[in-house]
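Please walk through this structure with me. We take salt bridges, then a helix pair, then the relation between the chains.

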Amino acid sequence: MNEALFTANNVWMLVSTVLVFVMHLGFSTLEAGFVQRKNTVNILFKNAMIISIGLLTYCVVGFNLMYPGVNEGGFFGFAGFGLAMPEGAAGAIAYADGNYTYWTDFIFQGMFAATAATIVSGAVAERIKLNAFLIFATLFVAISYPITGMWKWGAGWLDAAGFYDFAGSTLVHAVGGWGALASVLLLGARKGKYTKDGIKPIPGHSMPLAAIGVFLLWFGWFGFNGGSVLSADPVAVSLVFVTTSLAASAGAVAAFFVSYALFKSHDLSMVLNGILGGLVGITAGADLMSPTDAILIGAIAGAVIPVSVVFFDRIKIDDPVGATSVHLVCGIWGTLAVGIFGAKAGLGQLWTQLYGTLSVGVFTFVFAFGLMYVLKATIGIRVSEEEEERGLDVAEHDMEAYEAGTVTEPGYQMVK
Amino acid sequence: MNEALFTANNVWMLVSTVLVFVMHLGFSTLEAGFVQRKNTVNILFKNAMIISIGLLTYCVVGFNLMYPGVNEGGFFGFAGFGLAMPEGAAGAIAYADGNYTYWTDFIFQGMFAATAATIVSGAVAERIKLNAFLIFATLFVAISYPITGMWKWGAGWLDAAGFYDFAGSTLVHAVGGWGALASVLLLGARKGKYTKDGIKPIPGHSMPLAAIGVFLLWFGWFGFNGGSVLSADPVAVSLVFVTTSLAASAGAVAAFFVSYALFKSHDLSMVLNGILGGLVGITAGADLMSPTDAILIGAIAGAVIPVSVVFFDRIKIDDPVGATSVHLVCGIWGTLAVGIFGAKAGLGQLWTQLYGTLSVGVFTFVFAFGLMYVLKATIGIRVSEEEEERGLDVAEHDMEAYEAGTVTEPGYQMVK
Amino acid sequence: MNEALFTANNVWMLVSTVLVFVMHLGFSTLEAGFVQRKNTVNILFKNAMIISIGLLTYCVVGFNLMYPGVNEGGFFGFAGFGLAMPEGAAGAIAYADGNYTYWTDFIFQGMFAATAATIVSGAVAERIKLNAFLIFATLFVAISYPITGMWKWGAGWLDAAGFYDFAGSTLVHAVGGWGALASVLLLGARKGKYTKDGIKPIPGHSMPLAAIGVFLLWFGWFGFNGGSVLSADPVAVSLVFVTTSLAASAGAVAAFFVSYALFKSHDLSMVLNGILGGLVGITAGADLMSPTDAILIGAIAGAVIPVSVVFFDRIKIDDPVGATSVHLVCGIWGTLAVGIFGAKAGLGQLWTQLYGTLSVGVFTFVFAFGLMYVLKATIGIRVSEEEEERGLDVAEHDMEAYEAGTVTEPGYQMVK
């Protein structure tokens, strides 16, 4: 046991944790920027709650569902409620082959967990009931995400089958995307989006917030992918930095050209989502690719974005932030790309990637659809038309996002 | 001396420094979001100046007041003006038992120092004179903060007495909170806040800025608490990450439920301040707590926030950002919690925690009140009613924060 | 070869990479804040493209132009297209004396490269054609920046001559500044800026965005300067943190006093640019200076900012964000300061610094002017008066930055 190497590895894992944490801010501002002004407080509120609920539930059940430490090659395992360092400080050193401590493992994985719910949050924005969403997010993060996560990262059946997903193109992003798709199908489109006269644009209220979000997500992705090496191994982490960045860059450039070809316009939201598409696409194989592979994977992801966004709009899947295109479509693409490019390319691997991502997708979609269906049948999942019209900020929060003047009064200030 | 371990430890301390630096951006956007649009430039200006003045004064006097290296167990010490590495590079290696260099120590502690003044800045926003505030902040950071800091962290009398404050629930947050309270008492409430017809809400002008601030503060807190281990010790730092994050999460969830119970509304500012309350609360004992302890400490802090905010409003302490509730009340709570939860719990410790936090509080309050009193009696601390009405941006800066059009002209552009 | 030390060094270089990446977000928000609302999407779009194009071109040609590994002491070298790790993982270990890997070197330097074009982007904002700018930025980053960079950092003739530029006061900042100056000379001022009745101010549309940008740039500068140590050497990196921070602080305070003396107003943009000026100023010699030296260098840089901004306005060089003052003037100042202050001070060094910065300046100015001239003569570099009046967001992007309502329709949403 080399104490200095252990310390250096653990420092990197903690830095990665901090970077993945920042992705929650990135999602918050991205989603806030892409919704209408009247729904801004609501989306910020949901994101502040998701990370908080996500970490707590991951502490109580999620971590031990995802890494049960038993039932290798299986579908399900559970190591019990709560956290306890194995054999104290001595256990921490022995944990993970001396690359990081038990606590590091928990907090790094915990930051990942809430991401899946955040992806849903964007797609269902501007019309979902707050309480229904919070219940959905809690159960989705506490139960669904760790179970499918265990299939691969917890040494479950997909891991045994040779499925590869380095940092979560499927396990995090497509999972979030399937949850988003199931929710939107039950929730329906925003009022006025799909009319008899065609598709009516509902532009976001702040492009600076959206752009800040994308840069912060890229920033955080250095920890998301770089930390998924699960050590500070210099060659592996630095290669992951290169492939991640080149894929993001290629995604932007491809989205630039494709969206210009399709729409004859330089659409900022396409370039921003192109960056995200490239990042999601490289995530499954970021450690396996050469720079050229990474550029190709990212470019294809970026090129897919404008086409996918139009496609979902045509079939009337209303997703205000493009989460299904970015996380679901590019998540599947990135998972398949492991079988096409890089060190593991091959028809057998491609097939394994396909049934791996579909298996996770089926479970997640069924879970999310079922859960949302129950919520719809009981407490209801959609705000009233009046509330949607007025905006969720006032309807759900009695607040406005910007310089409200005297129109609304924050709750506590009305207590006189 | 293990060079690699020294290097890894020092890297972590530098990363922590960078994270604590970002808290100044977090405070800037949080405070900017919670003030009215017409006072936005002013609050940004103050925050840009505070970090700059804070680092310079900490270099000139603060660091050597806080870590005099003499007078152990005492009330005051001073190691002279300015900085000088002890015995050159060799001294740097020997410094701090080989965990980090002299320069690292200075810059990490320097980032902490300015925080205390920043906390005051939020509470006195929207009506304090710029020059009075800058003089106050300079002396508060240069003299008051390092003296009480020395009592514990500089091996002074509170350290000798067994007082515990891991990362500054008292030494940083309550100190800032007492400074805020003293200042607000002398400054008075904003015009129109407390009227004959009751408490009139004055909502902040940008919830996205406020939410960005809270996420950035949480982000920075990984360095604030994680760096306070004063090495990269893997078990200690990773445990601190876990306790810090769980306390923040529990603070959010508790504030969610309590504020809904009290106000029947989902108030974003309460959840955001609940996160901050949880962070402040865990700070004194982040290295001593189990995950369960951390959740309880954070939840109590978060639950206290809505009650405290209403309380201060009832007694007409006008604090636009809730700094006294977050930093003073939760800072005291966190300090006491060391005697109630975790490795040091016990009645004796609780008593020590109580008189430690009160001693620091008395010194700080007297210093801040006295200083602000002198400023009030001499140059004045409050802008005129007309200036307050018009907003400090135009009154003090001849600028507007947003797309000013032709109404105002930045100073230099009027030089023709 | 000490594996743990190698790992710790490489972790620091990767953290620095992440921090320099964030500077691109800092530039984005700074520039967005300082332009008018109607040109916000355009500036965000350019910044998202610059980092993407910059990394791709640096991968294809830039890195091998800047570090050709041959032609020591020369003016030009090229190691061929694309990237390939020398001798696989074994080569990575041997690379850079075991301080970091080949991939780390590429990605750290790649983050620097795009910075130069970003500096230009601010100066030419609000009237340049998008396509012309993107072509300019691509060639500037792919060819001009790496060639002059090679002169010093690639062991070229300026390195042989004893020229010193630690982290790029000349090689990055002045290079960006000369590119900006050349471009603005050909592009001309914004309509309505310099009228018969004097200089008309065109205030930026969001001071919070500008302030966020400056804080993020300072944040990133810890990696920009701290990473330029090219290892995690504890004494060197921590000293660089101290000098960098003190120079930024002194820049703010000096700009505060000088701008008040000149304009009788507390101009936020001056303090913000004073911070940036201090940062640019210290960059050439951040590893050579004492704290006192750093404070003096930063203070002079900060004091120069208001004077320089007025000077450029007087000679009708219209630079919406002050990039020429911050990056060109303070970049030259910082380069010269290496001959005046600190470990290398001396008349011989000062002379070398002068002809070094001028040599780089002449090459860069000629390249940028020539390139922009060709673009002007062919595809044109300036939008029409109507487009400038209407704003580039609508003219180039068919979008508005904020809550557009029904006025404009994002391109893809018009596909029905």
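Over all chains, this predicted model holds 18 salt bridges. A salt bridge here is a side-chain nitrogen of Lys or Arg within 4 Å of a carboxyl oxygen of Asp or Glu. Local features need pLDDT of at least 70, side-chain atom pairs count only at pLDDT 80 or more, totals for chains, interfaces and linings use all residues, and side-chain values use heavy atoms, with hydrogens and water left out. Residues are numbered from 1 along each chain as its sequence is written, while chains are lettered from A and ligands numbered from 1 in the order in which they are written.

Start in chain A. A:D318 pairs with A:R190 in a salt bridge, with the closest N and O atoms 2.8 Å apart. A:D318 sits in the loop between α11 (291-314) and α12 (323-337), and A:R190 in the loop between α7 (169-187) and β1 (194-195), so the bridge ties together parts that are 128 residues apart in sequence. Helices (H or I, at least four residues) and strands (E, at least two) are DSSP runs, numbered from the N terminus. A:D318 is buried, at a relative accessible area of 1%. A:R190 is buried too, at 5%. Buried means under 20% relative accessible area, exposed over 50%, partly exposed in between (1.4 Å probe, protein chains only). A:E126 joins A:R190 and A:D318 in a network of salt bridges.

Now chain C. C:R190 and C:E126 form a salt bridge at 2.4 Å, N to O. C:R190 lies in the loop between α7 and β1 (194-195) and C:E126 in the loop between α4 and α5 (130-152), so this pair ties together parts 64 residues apart in sequence. Both residues are buried.

B:E388 bridges to B:R382 at 2.8 Å between the closest N and O atoms. B:E388 is buried at 7%, whereas B:R382 is partly exposed at 22%.

Next, the helices. In chain C, the axes of α4 (residues 102-123) and α7 (residues 169-187) come within 8 Å and cross at roughly 35°. Axes are lines fitted to C-alpha atoms, for helices over the stretch in contact, with angles from 0 to 180 degrees between N-to-C directions. The contact residues divide into nine nonpolar, six polar and no charged.

Methods
Nonpolar A, V, L, I, M, F, W, Y, C, P; charged D, E, K, R; others polar.
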